[in-house]
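Welcome! Let's take a friendly look at this protein together, one feature at a time.

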Amino acid sequence: MSEFTLPPIFMRAAKPRRNYDVAWPFILNGYLNATDAAILVWMPPDQIPEADRLPIWSDPGRKLPDLAATVKGLGPLSGEFFPLQDVTRFRGPCEECGGSGSVNCRHEPCVNCVGMGWAWPENDAIRLGPVILALNYVDLLWTHGIREFSPANPPNSGYPRAVFFTHETEGWSGILMTV
């Protein structure tokens with residue numbers, strides 16, 4: 001799928017899961033989606049020249065994620081926007097490989113840090129405005145140009161379970177579950 005001109009976050013957000021076949025971005029309900037169950041990004045497929053070659057959710061043996069119900073259940077946007085932060089200062093050298101990114105003389109990538117040489121601390125979350133978000137996802141959003149978010153207004157006025165964000169230039173949006 002590397003020949004597609006998708007915004008890079010779509011490949012970073014797609015991860016294989018037991019319950020859902022979401023290892024690649026897919027088209028569902030008229031939108032191109034990518035998810036790993038904690039983050040979901042979407043955009044209209046007409047912005048992607050190769051959209052007709054993208055997989056359409058059609059595997060009857062796999063459970064179909066009900067994305068619309070999930071988003072609706074989170075509640076409407078609060079209308080307030082909060083700044084995202086660059087969280088790279090929280091990174092530290094990977095304890096598994098000592099920061100080298102490889103684990104042996106054959107230079108195989110470290111499984112813990114995926115060859116990057118750095119890792120997030122054990123308590124890997126940060127409070128931003130009214131929510132607590134995982135550092136790795138804050139970093140993912142920051143790296144892909146997101147600078148603000150709006151918490152969902154939960155139906156029972158409790159703690160927001162997700163935040164919404166939009167990349168105006170590239171035309172994609174998404175939600176990220178809170179910690």
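This is a predicted model: local features need pLDDT of at least 70, side-chain atom pairs count only at pLDDT 80 or more; totals for chains, interfaces and linings use all residues.

Which residues form it? Asp139 pairs with Arg91, and their closest N and O atoms are 2.9 Å apart. Asp139 sits in helix H3 (residues 135-143), while Arg91 is in the loop between E4 and strand E5 (92-93), so the pair ties together parts that are 48 residues apart in sequence. Helices (H or I, at least four residues) and strands (E, at least two) are DSSP runs, numbered from the N terminus. In general, side chains of opposite charge can pair when their charged atoms come close.

Are the two partners buried or exposed? Asp139 is buried, with a relative accessible area of 8%, whereas Arg91 is partly exposed, at 29%. Here buried means under 20% relative accessible area, exposed over 50%, and partly exposed in between (1.4 Å probe, protein chains only).

## Confidence in the model

The protein has a mean pLDDT (the predictor's confidence in each residue, from 0 to 100) of 79, and 78% of its residues reach 70 or more. Confidence is lowest in helix H2 (residues 67-73), with a mean of 67, and highest in strand E4 (residues 82-83), at 95.

## How to read the values

Residues are numbered from 1 along each chain as its sequence is written, and side-chain values use heavy atoms, leaving out hydrogens and water. Local features need pLDDT of at least 70, side-chain atom pairs count only at pLDDT 80 or more, and totals for chains, interfaces and linings use all residues.

Terms used:
A salt bridge is a side-chain nitrogen of Lys or Arg within 4 Å of a carboxyl oxygen of Asp or Glu.
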